[in-house]
Amino acid sequence: MSLLRRSTAVLAAAVLALAGCGSGGGGGGKTKLTFFSWDNEQSMKPLIEAFEKQNPTIDVEFSTAPPVAEYISTLQTRLVSGTAADVFAIAAENKTNLIQGGFVKDLTGKPYMANLSKFNTATYSRDGKAYGMSISSWSAGILYNKDLLAKAGVTEFPTKWADFIALCQKLKAAGTTPYYDSVTGMPLTLAALVGHENARQGGDVDAQIFAGQKKFGDLWLGPLTTFNQLFTSGVMSKDVVGLSGEQIVDEFANGRVAMISAGPWNVSALREKAPKMNMAFVGVPTPDGKPFWSGAASPGYAINAKTEHEKEAEAFLTYLGSKEGVTLFNKQTAAMTTTSDVTPEIDKVLEPNLQALKDGTFYLPQIAWPRAQDALNTEAVAQLQLMVQGKEQPADVAAALDNRLKGQS
């Protein structure tokens with residue numbers, strides 16, 4: 001059962017705790033517009049201030065929760081309790097529940113949707129109607145410390161998985177932690193491996209799974225087995241089940257790990273924390289030596305179907321999707337924006353990521369799944385953590401996904 005349909009005593013308590021989160025009047029005669037995102041305040045504050053300067057009668061009240069599970073859980077609780085923000089982020093993992101549940105307004109044909117990429121708009125659309133304004137896309141791969149690899153005698157990054165494992169073993173033998181990928185959410189390494197296998201099988205395996213023509217194991221068993229080699233070979237610590245993305249970035253910035261799974265959102269922080277680091281991005285090595293990336297359209301902005309401030313929400317999306325707003329968002333987040341009227345400025349280290357977007361060599365399960373994204377994502381992460389700890393095998397993970405999908409039908 002979807003979390004959006006659960007009604008428990010916890011939600012009753014949440015109504016009281018979150019009573020101040022809904023829309024209402026702002027100070028000094030201003031209208032208060034509430035905005036909830038998984039982008040942090042440091043990134044969004046300049047955009048909010050610029051919008052408020054152009055719209056002096058609107059006061060934006062911002063709140064945030066970290067991605068992915070905590071943000072989605074918090075949003076779901078607020079939606080059920082009637083305290084959700086006027087504008088919030090719609091993501092791959094919850095888009096179906098938000099759209100089918102009638103929690104978001106139809107944005108089809110709105111002027112601020114005109115400059116969006118067709119791919120981004122299609123990602124947050126259903127039955128020809130658009131429900132999210134997504135202004136950027138992302139691709140994530142492996143970010144490595146070139147100096148640490150050079151000390152290990154590496155002059156060219158491997159493209160084959162077997163060679164990548166050998167590199168990790170070489171680094172570990174030299175006393176360097178080789179690689180970290182967070183398993184608190186869908187591991188980016190695994191997403192890339194599944195995407196590569198999907199492309200190898202023709203690119204439409206997910207549709208066949210959801211049509212009952214194939215099982216998850218037909219697509220996932222190989223990538224799961226490959227990914228699990230990081231742990232069965234001992235080159236990645238099982239402790240990653242408790243490491244957040246932020247902790248992993250800190251380890252990398254301090255030179256304690258040679259390689260991490262990362263995306264564009266990590267670059268700005270790393271430039272600040274380790275300005276002298278010589279780093280580079282590559283796609284995830286694969287069994288056949290054709291690197292692949294995880295990636296998707298970034299979360300979009302949605303308008304709460306029950307907002308009492310639709311006019312103000314429309315004005316906010318108009319600014320966020322404007323040339324000025326998109327340019328500022330690109331500056332603040334290093335996001336690879338995809339609107340037609342803005343050419344994003346990106347860090348040189350992100351050029352391979354941008355090329356992956358152009359080549360189409362990226363994939364994210366939660367985008368490819370046509371429904372039940374939240375339930376399947378939660379199940380996948382839980383099962384993967386058990387696999388990492390040696391309590392389950394790759395086949396068990398695939399079978400669990402089949403069972404969860406069957407339960408959602």
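This is a predicted model: local features need pLDDT of at least 70, side-chain atom pairs count only at pLDDT 80 or more; totals for chains, interfaces and linings use all residues.

Biologist: Start with helix 2 and helix 13. At what angle do they cross?

Modeller: At roughly 120 degrees, where the axes of helix 2 (residues 41-54) and helix 13 (residues 310-320) come within 10 Å. The two helices are therefore oblique to each other. Their crossing is right-handed.

Biologist: Which residues make the contact?

Modeller: Helix 2 supplies L47, I48, A50, F51 and Q54, and helix 13 supplies E312, A315, F316, Y319 and L320. By type, that contact has 8 nonpolar residues, 1 polar and 1 charged.

Biologist: And helix 10 with helix 18, how far apart are their axes?

Modeller: The axes of helix 10 (residues 216-232) and helix 18 (residues 394-408) are 8 Å apart, at an angle of about 145 degrees. The crossing of helix 10 and helix 18 is right-handed. On helix 10 the contact residues are F216, G217, W220, L221, L224, T225 and N228, and on helix 18 they are P394, A395, V397, A398, L401, D402 and L405.

Biologist: How many of those are nonpolar, polar and charged?

Modeller: The contact of helix 10 with helix 18 has 10 nonpolar, 3 polar and 1 charged.

Biologist: Switching to helix 11. Which of its residues are buried?

Modeller: In helix 11 (residues 245-253), the buried residues are I248, V249, F252 and A253.

Biologist: Why do they line one face of the helix?

Modeller: Looking down the axis of helix 11, the buried residues fall within an arc of 135 degrees, so they line one face.

Biologist: What do they pack against?

Modeller: The buried residues of helix 11 pack against strand 7 (136-145), strand 8 (177-180), strand 9 (257-262), helix 12 (267-273) and strand 10 (279-282). Just after helix 11 comes G255, with a positive phi of about 75 degrees.

Biologist: New topic: P285. Where is it, and is it buried or exposed?

Modeller: P285 is in the loop between strand 10 and strand 11 (293-297). It is buried, at a relative accessible area of 0%.

Biologist: What does P285 touch?

Modeller: Beyond residues up to four places away in sequence, P285 touches I142, F157, P158, T159, K160, W161, F164 and L193. P285 and I142 are 143 residues apart along the chain, with their C-alpha atoms separated by 9.0 Å.

Biologist: Now the backbone. Which peptide bond is cis?

Modeller: The bond from P67 to V68 is cis, with omega near -5 degrees. V68 sits in the loop between strand 3 (58-64) and helix 3 (69-81). For background, most peptide bonds are trans, and most residues other than glycine have a negative phi.

Biologist: What is phi at A334 and at A372?

Modeller: A334 has a positive phi near 65 degrees and is not a glycine. A372, also not a glycine, has a positive phi of about 60 degrees. A334 is in the loop between helix 14 (323-333) and strand 13 (336-337), while A372 is in the loop between helix 16 (365-368) and helix 17 (373-388).

Biologist: Are those two buried or exposed?

Modeller: A334 counts as buried at 10% relative accessibility. A372 is buried too, with a relative accessible area of 10%.

Biologist: Last one, T96. What is it in contact with?

Modeller: Apart from neighbours within four places in sequence, T96 contacts G101, R126, P370, R371, A372 and Q373. T96 is in helix 4 (residues 95-100) and counts as buried at 6% relative accessibility.

Methods:
Residues are numbered from 1 along each chain as its sequence is written. Side-chain values use heavy atoms; hydrogens and water are left out. Axes are lines fitted to C-alpha atoms, for helices over the stretch in contact, and angles run from 0 to 180 degrees between N-to-C directions. Helices (H or I, at least four residues) and strands (E, at least two) are DSSP runs, numbered from the N terminus. Angles under 35 degrees count as roughly parallel, over 145 as roughly antiparallel, 65 to 115 as roughly perpendicular and the rest as oblique. A crossing is left-handed if the near helix is turned anticlockwise from the far one by less than a right angle, and right-handed if clockwise. Contact means heavy atoms within 4.5 Å. Ala, Val, Leu, Ile, Met, Phe, Trp, Tyr, Cys and Pro count as nonpolar, Asp, Glu, Lys and Arg as charged, and the others, Gly among them, as polar. Buried means under 20% relative accessible area, exposed over 50%, partly exposed in between (1.4 Å probe, protein chains only). The arc is that of the directions from the helix axis to the C-beta atoms.
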